[in-house]
Amino acid sequence: MEEYDANRSKHLYKLWNRMATGSYFPPPVKEVKILKKDGKVRRLGIPTISDRVGQMVIKNMLEPRLEKIFSKNSYGYRPHKNAHQALEEVRKNCWKTDWVIDLDIKGFFDNIDHNKLMLAINKHVSENWISFYIERWLKAPKLTKSGALINNQGKGTLLARICNPRQRGCT
């Protein structure tokens with residue numbers, strides 16, 4: 001990060017130039033395995049700094065638009081929403097109804113179908129360049145700890161959650 005920051009203007013200009021001309025191809029995403037409390041492993045993808053900057057540009061453009069169509073009852077991976085707020089809402093709802101709906105799709109990020117995801121993106125995103133780069137990031141190969149380069153099979157994503165680390169509830 002220090003090396004990138006020392007030549008930030010050069011790096012940002014290069015990224016902007018390549019993305020603006022459509023010639024930017026994301027490098028492989030570094031796969032990192034993190035041990036969960038239950039002993040299972042969570043696979044995350046660590047993008048390059050330039051990839052992260054490009055992803056944040058797109059996130060900042062899309063998030064306000066997409067937030068308008070999400071259910072107010074959805075708390076996962078949402079800005080200014082967290083698990084504590086979700087639990088508080090469940091507590092309040094328990095006084096109103098005798099039932100709770102809890103939806104958690106096991107392995108969602110490992111199994112999400114790229115074609116279906118891109119159909120959803122294209123339905124809500126009019127800028128072709130945004131769809132173009134989201135698809136490229138989805139298709140970027142992963143680089144394992146052993147140095148193997150693995151292409152995905154049209155499903156799953158190792159994209160790390162894109163958020164402001166200072167945002168409450170961001171992990």
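This is a predicted model: local features need pLDDT of at least 70, side-chain atom pairs count only at pLDDT 80 or more; totals for chains, interfaces and linings use all residues.
**Stop one: the core.** Start by selecting I58 and I134. These two have the most contacts inside the largest nonpolar core, a set of 13 residues. Now colour the helices α2 (8-21), α3 (49-67), α6 (114-124) and α7 (128-139); each of them supplies at least two residues of this core. Helix α7 gives the most, with 5 residues. As background, nonpolar side chains in soluble globular proteins tend to be buried together.

Stay with I58 and show what surrounds it. Setting aside neighbours within four places in sequence, you will find I58 in contact with W129, I130, Y133, I134 and W137. Keep Y133 and W137 on screen, please, for the next stop.

**Stop two: the aromatic pairs.** There are 4 aromatic pairs in the structure. Go to Y13 and W16 to begin: their ring centres are 5.7 Å apart and their planes stand at 40°, so this pair is tilted. Both residues belong to helix α2, where they are 3 residues apart, about one turn of the helix.

Next, select Y24 and Y133. This aromatic pair is tilted too, with 6.3 Å from centre to centre and 55° between the planes. Which parts of the chain does the pair tie together? Y24 sits in the loop between α2 and β1 (29-35), while Y133 is in helix α7, so the pair joins parts 109 residues apart in sequence.

**Stop three: charges over rings.** Pick R136 and F25. The charged end of R136 sits over the F25 ring, 3.6 Å from the ring centre. Then move to K81, whose charged end sits over the ring of Y75, 4.6 Å from its centre.

**Last stop: T157.** Finish in the segment after β4 (149-150), which is the place of T157. This threonine is buried, with a relative accessible area of 17%, under the 20% cut-off for that label. What does T157 touch? Beyond its neighbours within four places in sequence, T157 is in contact with F109, I112 and L138.

Conventions:
Residues are numbered from 1 along each chain as its sequence is written. Side-chain values use heavy atoms; hydrogens and water are left out. A nonpolar core is a set of buried Ala, Val, Leu, Ile, Met, Phe, Trp, Tyr and Cys residues joined through side-chain atoms within 4.5 Å. Buried means under 20% relative accessible area, exposed over 50%, partly exposed in between (1.4 Å probe, protein chains only). Helices (H or I, at least four residues) and strands (E, at least two) are DSSP runs, numbered from the N terminus. Contact means heavy atoms within 4.5 Å. Rings of Phe, Tyr and Trp (its six-membered ring) pair if their centres lie within 6.5 Å; planes under 30 degrees apart count as stacked, over 60 as edge-to-face and the rest as tilted. A charge sits over a ring if NZ of Lys or CZ of Arg is within 6 Å of the ring centre and within 35 degrees of the ring normal.
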